[in-house]
Structure formats: C-alpha cells, structure tokens
Amino acid sequence: MEKIRVALDAMGGDLAPQAPVAGAVAAVKENSGVKVFLLGNEAAVKDELSRLGYTGDAIEVVPCTETIEMAEPPVAAISKKKDSSIVRGMNMVRHGEADCFVSAGSTGAILVGGQVIVGRVKGVQRPPLGSLIPTEKGFSLLIDCGANMDARPQWLLQFAEMGSIYYENFMGVKKPRVAILNVGAEEEKGNALVKETFPLLKASENINFVGSVEARDITSGGADIIVCDAFSGNMILKMYEGTAATFLRVIKKSLMSSLKTKIGALLIQKSLKSSLKAFDAKKYGGAPLLGLKGLVVKTHGSAGEVEIKNSILQCHQFYALNINEQIRSCMEAEAEFMKKLRQEQK
C-alpha cells in the first residue's frame, strides 16, 4: 500500500507550530505508511524540525505566507488568503497532491474550505462533524457537533448513515445503535425537526435505529451514535468538556484536603490514572468532516502533540478502511430510498 499523504496545518491551534510539528514527527516515526506535508511559515517550521532533530524524508515543508486567525470571518478568509496553510492544504487534497488535511485552526474556515474547495460527495447535502465522546461503555459518536447549526430532516438521516459507516469501521462495532437526541424516549416527543426526522431514521435500511436518547443517557452509553443538529451537539460537547474539567478539579481538591485523603490518593493513584485514561478521546484523533471528496479532520484548538499525532494516524486508518468509498455508495442508496419514499407518499 502506498503512503497516505497528510497535509497538516502547522500554523493552526493554540500551540502552533510546536505541537503540529512534534505531532508530525511522532506520527511518521510510529507509522512508516504516512507522509506529512507541513504547511506554514517555512522558517518557523524548519526551526522546530531542527530542534526535534528530525532529518528524514517522510516530512516535507510547504511554505505558506499567510495564516487564517481564529477570529476572522471564515468566508472572507478563505476567499482572500489563498496562500494560507488552510487554503493551500485544502487545495492539495482537491488536486490529489494529498489524501487528507488535518488542522487545529479556525473551525469556520475549515468547514467553509471543506465544502467550497474539497467539495462534497455527490448526494451529500451537508457534511457533519463527528466527534467521539467517552461513555461508561466506551465511546459514542456525536454527529453533528459543529458544522450545521440549523438542520433539516434529510440532513440528519444522512448524518446517521455516514456516522454509522464511520463508527462501524473505525470502532469495529457491527450495526452500531443509532439514536436521535431528544427530550424524551417516546416517539411523539420532540421539536418539529426531531418529529420529522424520526420516521426517516425508522424507515432507513442503512442504519440500526433504536429510537430517541435523552442527554442524561448519553454518558451511560445509551447509543453508539447520537444524531442531532450542530447547535445541540456542540452544547453537549462543550458541557462534556466543562463537566470533565470540573469533576477532575473537585476530585483533586478532595484528595488533597487532609493527610488521610493524601495517603488514600497515593494508594489509588495507579487505578485512578488507568480509569481516567479509558475516557481519553484524544487517542482517536480529531473530528472528521464526513461526506467530502477527500478527508478533512478538525482537531481541538488546544490540541497537543499526542492529539495531532493520533489525528494523522486516524487519516491512515480512514483510508485503509476505504470509508469514503463506502459513504459514496451509501449516498447513492440513500438517494434511491428517498425517491421511493416520495413516490409512496404521492
């Protein structure tokens, strides 16, 4: 198998260029089937490579003279900054010079660039971001978690179908359980979007639909895939992050509160670290923007070396499993399903 070519935004994120460069070096050392193009300020990137002592040929620097900042309007930035690391990286994917693009930079610019530059798979109405979130039973896929703040029923159906393909292949779970985020388990509950989407999910032969899931049941692993609009999904994701951070602070404060608890902390330290490690989603990389002609992966703005490395390796696995081709085939089948459904409704 030929090497997977990953275009990596070396200037995106809070820890750039140190974290992206270190992540690239770690990735090519761990997997010889990966080639990384580091896009960004040439001098800064080469200084980091020199500091890390990397002299191999699995990493190539692609000089870029511009950087898209987090606060810039996405459409204007993509349109005007043609020599930015994000636009250059997206164009490399579009023209077949790279197989995928990874960035911890501006989410808005990545979403716009993904659709405008890389382009959607035929039949995909809107590409969603899918993020793996920890649960009591492992990890669930939250989709959409950031791309489409307002959604339509057929978009959610496609999110469920594409998410099922990604989850089944990436997580190795056959016929993953798909649920729609709702305020109750009953079919008649929910807002207009949920009520209109429910029968589409129920009728689809491409997914294993199990009904509704309430937010409180997500953490216990109530479903493998949680489908929702990005407004709801992003709030769930941010609540997850905030709760986890608060929980860790409270635990630490409690364990350090007295001599007795400090001794207890020493006794459970190894077990506690092992348990917390099981909830670390960083090992799976970033959130792929599904339904594009090429793979685009968005990592956290605060992503460090490990998360960047795993996002690069995630790209290798994505292509090895041929996920994009499976999505393309599924969208063709989904188009036939919708055509048949419309005929039946006439």
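**The overall build**

Keep in mind that this is a predicted model. The protein chain has 12 helices and 11 strands. Its radius of gyration is 21 Å, close to the 20 Å that the globule rule gives for 346 residues, so the chain is as compact as a globular protein of that length.

How much of the chain is buried? Buried residues make up 50% of the 346. Contacts also reach across the sequence: among those with a separation of 6 or more, 72% are between residues 24 or more positions apart.

**A sheet of six strands**

Now look for an open sheet of 6 strands, in the order S3-S2-S1-S4-S11-S10 and with mixed pairing. Its edge strands are S3 (59–63) and S10, each of which pairs on one side only.

As a bit of background, strands of a sheet pair through backbone hydrogen bonds, either parallel or antiparallel.

| Strands | Sense | Bridges | Opposite residues |
|---|---|---|---|
| S1 (residues 4–9) and S4 | parallel | 3 bridges | Ala7 and Phe101 |
| S4 (residues 100–103) and S11 | parallel | 4 bridges | Cys100 and Leu295 |

Which residues touch the most other members of the largest nonpolar core? They are Val36, Leu38, Leu49, Ile59 and Ile312, in a core of 65 residues. Helix H6 (residues 153–171) gives the most to this core, with 10 residues. Apart from it lies another core, this one of 39 residues, including Val62, Ile110, Ala179 and Leu237.

Leaving out residues up to four places away in sequence, Val36 touches Val6, Leu8, Ala24, Val28, Ala58, Ile59, Glu60 and Ile312.

A disulfide is a covalent bond between the sulfur atoms of two cysteines. How many disulfides does a search of the whole structure find? The count is 0.

Take Cys228: the closest cysteine sulfur is in Cys145, 8.0 Å away, and that is too far for a bond. Cys228 counts as buried because its relative accessibility is 3%.

Cys315 is in no disulfide either, and the nearest cysteine sulfur to it, that of Cys100, is 3.6 Å away. The cut-off for a disulfide is a pair of sulfur atoms within 2.5 Å. Cys315 is buried too, because its relative accessibility is 0%.

Back in helix H6, find Glu161. Is Glu161 buried or exposed? Its relative accessible area is 1%, so Glu161 is buried. The side chain of Glu161 is joined to that of Asn206 by a polar contact of 3.1 Å. Besides Asn206, Glu161 touches Ser204, Ile207, Cys330, Met331 and Glu334, not counting residues up to four places away in sequence.

Leu52 sits in another helix, H2 (residues 42–52). With a relative accessibility of 31%, Leu52 counts as partly exposed. Setting aside neighbours within four places in sequence, Leu52 is in contact with Val21, Ala22 and Val25.

And how far apart are Leu52 and Glu161, in sequence and in space? They are 109 residues apart in sequence and 42 Å apart in space, from C-alpha to C-alpha.

Technical notes. Residues are numbered from 1 along each chain as its sequence is written. This is a predicted model: local features need pLDDT of at least 70, side-chain atom pairs count only at pLDDT 80 or more; totals for chains, interfaces and linings use all residues. Side-chain values use heavy atoms; hydrogens and water are left out. A nonpolar core is a set of buried Ala, Val, Leu, Ile, Met, Phe, Trp, Tyr and Cys residues joined through side-chain atoms within 4.5 Å. Buried means under 20% relative accessible area, exposed over 50%, partly exposed in between (1.4 Å probe, protein chains only). Helices (H or I, at least four residues) and strands (E, at least two) are DSSP runs, numbered from the N terminus. Contact means heavy atoms within 4.5 Å. A polar contact is a pair of N or O atoms within 3.5 Å; within protein, one must be able to donate a hydrogen and the other to accept it, and residues adjacent in sequence count only if both atoms are side-chain atoms. Two strands pair if DSSP finds at least two bridges between them. The radius of gyration is taken over C-alpha atoms; the globule rule is 2.2 Å times the number of residues to the power 0.38.
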